[in-house]
Amino acid sequence: MRIGQAFHPSAIGRHAALLMTGALTLAPFIWMISLSAKSPDEMFDPGFSLLPRHWHAWENYAEALTAAPLLRFLLNGAIVCFSILALQLLICVPMAYAAAKLRFFGRNALFGAVLLGLLLPHQVLALPVFILCHKLHILNSYAALILPFIVSPFGIFLFRQFFRTIPDDILHAARLDGLSEFSIVWRIVVPMSVPAMIAFSIFSVVAHWNDLFWPSIVIKTTELMPPSLGVAAFRGIESGNDYGPLMAGTVLVVLPLLVAFALAQRWFIEGLTSAALK
Amino acid sequence: MMPSAAMSGHGAQTATSKPARLKTRVVDRFSEPIAAYLLALPGGALLALLFILPVIAVFVIATTNWSFGGTSLSFVGMRNFRDVFADSTFRMSFLNTIVYVLIVVPGTIGLGLLIALLIEARPSLRGFYRAIHFLPFMATLAASAVAWEMLLHPTMGLVNQAFSALGLPTANWLRDEKTVLPVLALIGIWQNLGFAMVLFLAGLKAIPADLYEAADIDGADGWFDRLRTVTLPMLGPVTMFVVVVVAIRAFEVFDTIAILTQGGPGRASEVLLYTLYRESFEYLRTGYGAAVTVVFLGIIVTLTLVQVGVMEKRVHYS
């Protein structure tokens with residue numbers, strides 16, 4: 001029965017169709033990896049082959065890591081993404097807790113401001129925030145990459161929705177045990193909200209690792225470029241027809257997220273679609 | 001939306017005597033607002049500094065003739081907006097963006113729905129197919145764009161090699177005014193496809209199985225009948241929602257333009273966000289850039305409000 005089902009024409013048709021669309025979807029990545037292992041002469045050979053005849057991967061990757069400071073781009077990306085995430089959690093979690101569980105004058109106005117923030121794409125804020133960074137003398141620095149994103153309306157919104165599901169009795173019990181509101185946030189509420197924390201963290205890191213718009217506005221020095229801007233600059237300086245090192249560079253930029261995705265597919269899909277379902 | 005972190009607090013409640021609870025209530029009345037302000041203050045202040053004040057500033061700057069770095073500044077009223085709409089580059093940019101969105105949205109919705117239906121049709125390899133179709137959505141677009149450029153390379157690119165082998169016409173896809181926008185839209189579809197697919201998969205899961213049983217009893221037993229009478233009507237609200245979300249993402253196209261074409265050849269791939277970027281940060285026409293920003297904001301806010309309306313409708317369906 002099972003074997004009969006597996007060889008049913010519609011089952012085979014489904015696999016054929018999905019393998020075809022899947023191959024087309026992966027084509028740019030496959031081409032990227034293939035070129036990153038080829039020598040310049042071989043790239044322009046007529047005739048199609050995925051595997052290089054002469055492996056040139058070592059030279060290409062070595063040049064990507066030395067000629068363009070690829071490692072530096074990746075390091076910048078990691079520093080910026082994790083600084084943003086840490087500050088976002090530090091600032092948004094207490095605020096979301098107050099909005100979800102505490103009664104105070106101005107709570108609705110505050111939440112209204114969060115909803116207004118949700119409505120604004122960051123490209124709209126770029127001009128005034130750029131001027132702010134100029135006034136603060138932080139243009140062309142890590143601070144300019146980090147500061148504009150340390151409060152996330154989406155994070156506050158997501159956490160507030162989640163915190164509301166925590167029963168008040170637990171919080172009352174903690175208060176009777178003598179815990180301050182501050183300790184309740186970090187010792188009771190956060191450990192109970194791990195799924196929301198993970199979903200938001202993935203959303204935040206992926207968004208800022210991939211962002212090109214804001215870095216291209218505030219960063220001019222090569223040494224400070226995050227990965228996406230680094231790739232753009234690398235493509236700009238790469239002269240002639242030697243695309244191998246450039247392709248090796250793109251592989252290295254895409255790789256960290258792809259590895260993380262392979263390890264935690266479900267979390268990634270939930271984290272990245274949660275923003276749409278807000 | 002999220003599974004509730006359930007853990008019952010009944011034990012604590014019964015363990016406390018009534019007078020003790022009343023006493024903490026009284027203390028709460030004073031300490032709760034103070035604690036709340038302390039917890040919410042950093043976030044609230046930053047929200048004002050980085051979101052609320054800037055968006056007000058954009059509207060104010062848009063009514064001035066300010067050039068960043070310049071010393072003179074005066075109020076010019078609506079002149080920037082008149083200039084924006086009279087500017088042939090902006091009109092071109094606006095039109096190109098609309099064309100781009102009109103290709104990306106139906107393409108993404110159609111393919112995303114098709115792939116979601118195929119994946120959901122049978123259980124085997126579901127996770128695998130979902131993962132490979134979702135990859136482009138999370139991969140760094142700046143890097144993917146460079147890979148696309150190589151695929152589309154006029155001589156060594158896989159696309160032209162394959163097309164000439166099949167006897168199809170080849171082109172310098174990103175340097176030809178006629179092909180550049182459709183090709184960029186194709187990359188947009190490629191990137192957003194997996195996102196639409198995941199949202200459709202969630203929508204398909206939410207269709208109650210008894211509807212299919214009812215359709216069976218009514219004689220709709222072929223897959224096409226089931227699709228027509230149950231699946232597609234039930235996906236209506238989800239589809240509206242995906243259309244709006246993908247449209248917003250399409251209006252925000254920037255990375256592929258900035259890396260691959262810089263708006264060219266000519267102005268054939270000039271789009272709104274790229275015009276905004278150039279006017280504000282390359283030409284430093286700050287007042288004019290702010291006016292472009294206000295137009296862009298108008299489009300996004302309108303779409304987002306449509307999205308909120310659609311979401312509220314969805315509540316009635318579920």
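The domain bounds used below come from an automatic or database domain assignment. The structure is a predicted model.

**Exercise 1.** Describe the contact between the two domains of chain A, and identify the helix that gives the most to the side of domain 1.

*Solution.* Step 1: Two residues are in contact if their C-beta atoms, placed from the backbone, lie within 7 Å. Step 2: In domain 1 of chain A, 13 residues are in contact with 14 residues of domain 2 of chain A. Step 3: On the side of domain 1 that touches domain 2, helix 2 (9-35) and helix 4 (57-66) of chain A each supply at least two residues. Step 4: The most comes from helix 4 of chain A, with 5 residues. Step 5: By class, this side of domain 1 of chain A has 7 nonpolar, 4 polar and 2 charged residues.

**Exercise 2.** Characterise the side of chain A that touches chain B.

*Solution.* Step 1: Between the chains, 93 residues of chain A are in contact with 86 residues of chain B. Step 2: Helix 2 of chain A gives the most to this side of chain A, with 14 residues. Step 3: The residues of this side divide into 72 nonpolar, 15 polar and 6 charged.

**Exercise 3.** Determine which residues touch the most other members of the largest nonpolar core, and where the largest share of this core comes from.

*Solution.* Step 1: The core has 171 residues, of which B:Met138 and B:Phe200 touch the most other members. Step 2: Helix 8 (residues 180-205) of chain B provides the largest share, 16 residues. Step 3: Domain 1 and domain 2 of chain A each contribute at least three residues to this core. Step 4: Leaving aside neighbours within four places in sequence, B:Met138 is in contact with A:Val206, A:Leu257, A:Phe261, A:Phe268 and A:Leu272.

**Exercise 4.** Explain why the buried residues of helix 11 of chain A are on the same side of that helix.

*Solution.* Step 1: In helix 11 (residues 181-189) of chain A, the buried residues are A:Glu181, A:Ile184, A:Val185, A:Ile188 and A:Val189. Step 2: These residues cover an arc of only 120° around the axis, and therefore lie on the same side of helix 11 of chain A. Step 3: An α-helix has 3.6 residues a turn, so residues three or four places apart point the same way.

Conventions:
Residues are numbered from 1 along each chain as its sequence is written. Chains are lettered from A and ligands numbered from 1 in the order in which they are written. This is a predicted model: local features need pLDDT of at least 70, side-chain atom pairs count only at pLDDT 80 or more; totals for chains, interfaces and linings use all residues. Helices (H or I, at least four residues) and strands (E, at least two) are DSSP runs, numbered from the N terminus. Ala, Val, Leu, Ile, Met, Phe, Trp, Tyr, Cys and Pro count as nonpolar, Asp, Glu, Lys and Arg as charged, and the others, Gly among them, as polar. A nonpolar core is a set of buried Ala, Val, Leu, Ile, Met, Phe, Trp, Tyr and Cys residues joined through C-beta atoms within 7 Å. A residue is buried if 20 or more other C-beta atoms lie within 10 Å of its own, exposed if 12 or fewer, and partly exposed in between; C-beta atoms are placed from the backbone. The arc is that of the directions from the helix axis to the C-beta atoms.
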